[in-house]
Structure formats: C-alpha cells, structure tokens
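Me: I have a structure open and want a quick walk through it. Can you take my questions as they come?

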Amino acid sequence: MAKVGGNTQSCGRGGRQRVSTHLDLEHVALELFTERGYEATTVDELARAAGVSRRTFFRYFPSKNDIAWGAFDRELERLRCWLRECGPGLAAMDAVRQAVVACNRLDADEIPWHRKRMALILRVPALQAHSTLRYVQWRQVIADFVAPSLGHPADSLVPQSIAYATLGVAVAAHEQWLAAEHADLPQLLDFALRELASGFTLPSLTGVRGA
C-alpha cells in the first residue's frame, strides 16, 4: 500500500518529494484530526488553521476524505514506475515486494505523520467507503503488473487474487506497525510479502477436531 514522494519522472527512487503548501496543509489537518477527531473537524476549521481560504483548500484536496491519502495519484505512479523498472529476470512477486517496500520507506521526520495518516485510514469508520475506492486503484496497479507474466487478463481471477492478497498483507503489516511504536514498516512489509510469495507454508494441524 503506497501512501504518500520523490520525483515521479524518475520513479521517486531518491526519496520523498516535499510539496510544501500541500504537505503543510496535510500536516495541519492530521494534527486537528488527531486532537479533535476526524468527524468533529470541519473543512472551514482546517482551512482557518492552515491560514488558507476554503477555495484554496479544495484546490489541494477534492474533499476532506482525500486528506489522509495525501498525494495518492502521485504515489500510484511511483509504484508503477518501480514495477516497470524491475529487472526482467526478477520473479513477479519479488518485484511486487521490492516495489511496495520501496514506496513505503519514509524519511525519519515523516514517520510520525504517516502513523497519524494510517491510523485515520485504518481506524476511522467514516473513511472506510472512501478508502475502498483507493484500494481498488492500488490493487489494479498490482494486477496490471502481474497479469502479463501469468498470461491472463488483468481483470481475471488469478491477477486479481494476487492483488487482493498483496493488499491484505500490506494492510496487516501497517496494522502491526501502528500497534508497535518502534516497529520498522519496510521490514514488516518485506517479511510479510516474502511469506505471501512462499504461499504461507504452515505446519500440519494436529490434535484439532472438527465441531
């Protein structure tokens, strides 16, 4: 799950790009959401706290729901770039793992903000419907990438299953990261995506009786 970035023309491999006004407004909003609650904070309050007009606010974010997702379209393109630039001999799931991990490497000063952001995305019921739309876009990037190597259309069962599974693993890794203050997000993602690629090999169940 790439969320918020680098120069997209070179796939953002040099670090995350600072878009000062956009990022400043996002940070002000994340602070207010954390202090007052997401639903209790209005757009007018956000604009006032950031020192911008309501019109300027909507120039940066189409809706309040979009704030937690930051520059999501730019991050999707960054993920596509990473996938396109992977070596031709690399297994598809290794490429997916490397790209997802790379797109979730954060500058130290951005980590607290990303924690606030992901706490909103994963824990605020009012954002769930909007998040579902974003998840569809993210999954499609994965499905579009793995489909050619499988010889199936991107909208067919196997590419879509891989995309859903990859998203599920990414969400689980983010939840573990939020639950542990000093956890390392790239390490969690790398480990979980390796397990996914191996098929989550599990020991046989013993001593378990059916109901």
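Me: How many helices and strands does the protein have?
Reply: This is a predicted model. The protein has nine helices and zero strands. Read along the sequence, the pattern is α-α-α-α-α-α-α-α-α.

Me: What share of the residues is buried?
Reply: Of the 211 residues in the protein, 45% are buried.

Me: On to the largest nonpolar core. Which residues touch the most other members?
Reply: Phe-57, Leu-79, Leu-120 and Trp-138 do, in a core of 53 residues. Two or more core residues come from each of H1 (20-36), H2 (43-50), H4 (72-84), H5 (92-102), H6 (111-123), H7 (128-150), H8 (157-179) and H9 (185-197).

Me: Which helix gives the largest share?
Reply: H8, with nine residues of this core. In general, nonpolar side chains of soluble globular proteins tend to be buried together.

Me: Back to Leu-120. What is it in contact with, leaving aside neighbours within four places in sequence?
Reply: Leu-120 is in contact with Leu-30, Phe-33, Tyr-38, Ala-68 and Leu-127.

Me: What about Ser-131, buried or exposed?
Reply: Ser-131 counts as buried, because its relative accessibility is 0% and the cut-off for buried is under 20%. Ser-131 is found in helix H7.

Me: Which residues does Ser-131 touch, not counting those up to four places away in sequence?
Reply: Trp-69 and Ile-121.

Me: Changing topic: which residues form the nonpolar patch on the surface?
Reply: Leu-150, Leu-157 and Val-158 form a patch of that kind, and together they have about 270 Å² of accessible area.

Me: Last topic, cysteines. How many disulfides are in the whole structure?
Reply: A search of the whole structure finds zero disulfides. A disulfide would be a covalent bond between the sulfur atoms of two cysteines.

Me: And Cys-81 and Cys-86, buried or exposed?
Reply: Cys-81 is buried, with a relative accessible area of 3%. Cys-86 is buried too, with a relative accessible area of 16%.

Technical notes:
Residues numbered from 1 in each chain as written. Predicted model: local features only at pLDDT ≥ 70, side-chain atom pairs only at ≥ 80, totals over all residues. Heavy atoms only, no water. Core = buried A, V, L, I, M, F, W, Y, C linked by side-chain atoms within 4.5 Å. Buried < 20%, exposed > 50% of the residue type's maximum accessible area, 1.4 Å probe, protein only. Helix = DSSP H or I, 4+ residues; strand = E, 2+ residues; numbered from the N terminus. Contact = heavy atoms within 4.5 Å. Patch = residues over 30% accessible without salt bridge, like charges linked within 9 Å, V, L, I, M, F, W, Y side chains within 5 Å. Areas by Shrake-Rupley, 256 points an atom, 1.4 Å probe, with all protein chains shown as cover. Salt bridge = Lys/Arg side-chain N within 4 Å of Asp/Glu carboxyl O. Disulfide = S-S within 2.5 Å.
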